[in-house]
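Please read them with the structure open.

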Amino acid sequence: MTQPQDAASEARPEALPVERPETLPVARPEVLIGPLPGPLVGVDWLAERLGAPGLVLFDASVGAHRAASHRIPGARPFDLDGPLSDHTAPTPHTVPGAPEFTEAMRALGVEDADTVVVYDGAGIYSSARAWWMLRAMGFDRAAVLDGGLPAWTAAGLPTSATGPAYRGPRGSFTARPRAGLLVDGATIARALADPAAAVLDARTRERFAGTVPEPRPGLRGGHMPGAVNLPFAELQDPSGLMRPAGELRAAFRALTGDRDRLYFSCGSGVTACVLALGADLAGYEEIAVYDGSWSEWGLPGAPGTPSEFPVTTGP
């Protein structure tokens, strides 16, 4: 199976579908969506509200999971490999501008007053990227489905065949970008020199150390001098659920000490958002994602000219 390119060896196996009738469930009239319990919701929370007016469910799968034949009923495509990345940018998965993001959300029927839940077919992989993009665009009523499609199917909940693209009414969503949640390489360079900040890399330990080739041809191996490595999968338990808040805090504190300004990087800005989700659950407030991530930092310089971004290898 082809894995998502951001971390070829890191994605979880594709969920096995549970065959169910392809009818869209409708929540009981007395069930209200209510406030989100936080940036993470469980399958029971979603199952009780699936189909309720005002709840939008997105499938943010990438790579092979994007073409899966099954989905949670009613899910709309949050296509990070398609219109929800800026394909004019030199690096993959770059966040679109506010006008383009607004148009994409309106085309997907999202209202400003909606509540959004995002999942992906790998578990918690690319769904966190969609959640972070929504937050960066000023939308706070969004959460990630804990465990994603694998947790949904493991609970015996229904799936439906993946249908055509969304064809419903347009929404009223308007992006209101927040500064500082998605940052560039110059900001990361300053953060690496800031004793109050920490830069955490979500790639595998082998990629961080530079002992295996990068999955994207032409990128240098290794990591940013001064960055620390926290592979995103280590924030999840063996079943693919996010670890409890106390365990997440301990994982971050072990690497960052008392620094409370955290920046996250990965291959292309996707799994860095899993670290951002974990940090949010752990109680951190000053967090940001490096949008270009290693796809930008790891680029070589022009012939005869060193890259402006230094790279080191080893643990």
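1. Buried means under 20% relative accessible area, against over 50% for exposed and partly exposed in between, with a 1.4 Å probe and protein chains only. Five of the five residues of S9 are buried, so the strand is largely enclosed by the rest of the structure.

2. A word on the basis. This is a predicted model: local features need pLDDT of at least 70, side-chain atom pairs count only at pLDDT 80 or more, and totals for chains, interfaces and linings use all residues. Residues are numbered from 1 along each chain as its sequence is written, and side-chain values use heavy atoms, with hydrogens and water left out. Helices (H or I, at least four residues) and strands (E, at least two) are DSSP runs, numbered from the N terminus.

3. The sheet is open and has five strands, in the order S8-S12-S11-S9-S10, with parallel pairing. Its edge strands are S8 (182-183) and S10 (228-229), each pairing on one side only. Two strands pair if DSSP finds at least two bridges between them.

4. S9 (residues 197-201) and S10 are joined in the parallel sense by two bridges. Leu 200 has Val 228 as its bridge partner in S10. Asp 201 stands opposite Asn 229. Towards S11, S9 has five bridges, again parallel. There, Ala 198 faces Leu 262.

5. Helix H7 (residues 245-256) lies across S9, S10 and S11 (261-265), at about 115° to S9. Axes are lines fitted to C-alpha atoms, for helices over the stretch in contact, and angles run from 0 to 180 degrees between N-to-C directions.

6. H7 also packs with H8. Their axes come within 8 Å and cross at roughly 115°. The two helices are therefore roughly perpendicular (65 to 115 degrees). In H7, Ala 245, Leu 248 and Phe 252 meet Leu 275, Gly 278, Ala 279 and Leu 281 of H8. Contact means heavy atoms within 4.5 Å.

7. H8 (residues 272-281) is mostly covered, with nine of its 10 residues buried. Among them are Cys 273, Val 274 and Asp 280. Gly 283 follows the helix with a positive phi, near 100°.

8. What does the side chain of Asp 280 make a polar contact with? The partner is the side chain of Arg 135, at 2.6 Å. A polar contact is a pair of N or O atoms within 3.5 Å; within protein, one must be able to donate a hydrogen and the other to accept it, and residues adjacent in sequence count only if both atoms are side-chain atoms. Beyond its neighbours within four places in sequence, Asp 280 touches Pro 39, Trp 131, Arg 135 and Ile 287.

Methods:
Angles under 35 degrees count as roughly parallel, over 145 as roughly antiparallel, 65 to 115 as roughly perpendicular and the rest as oblique.
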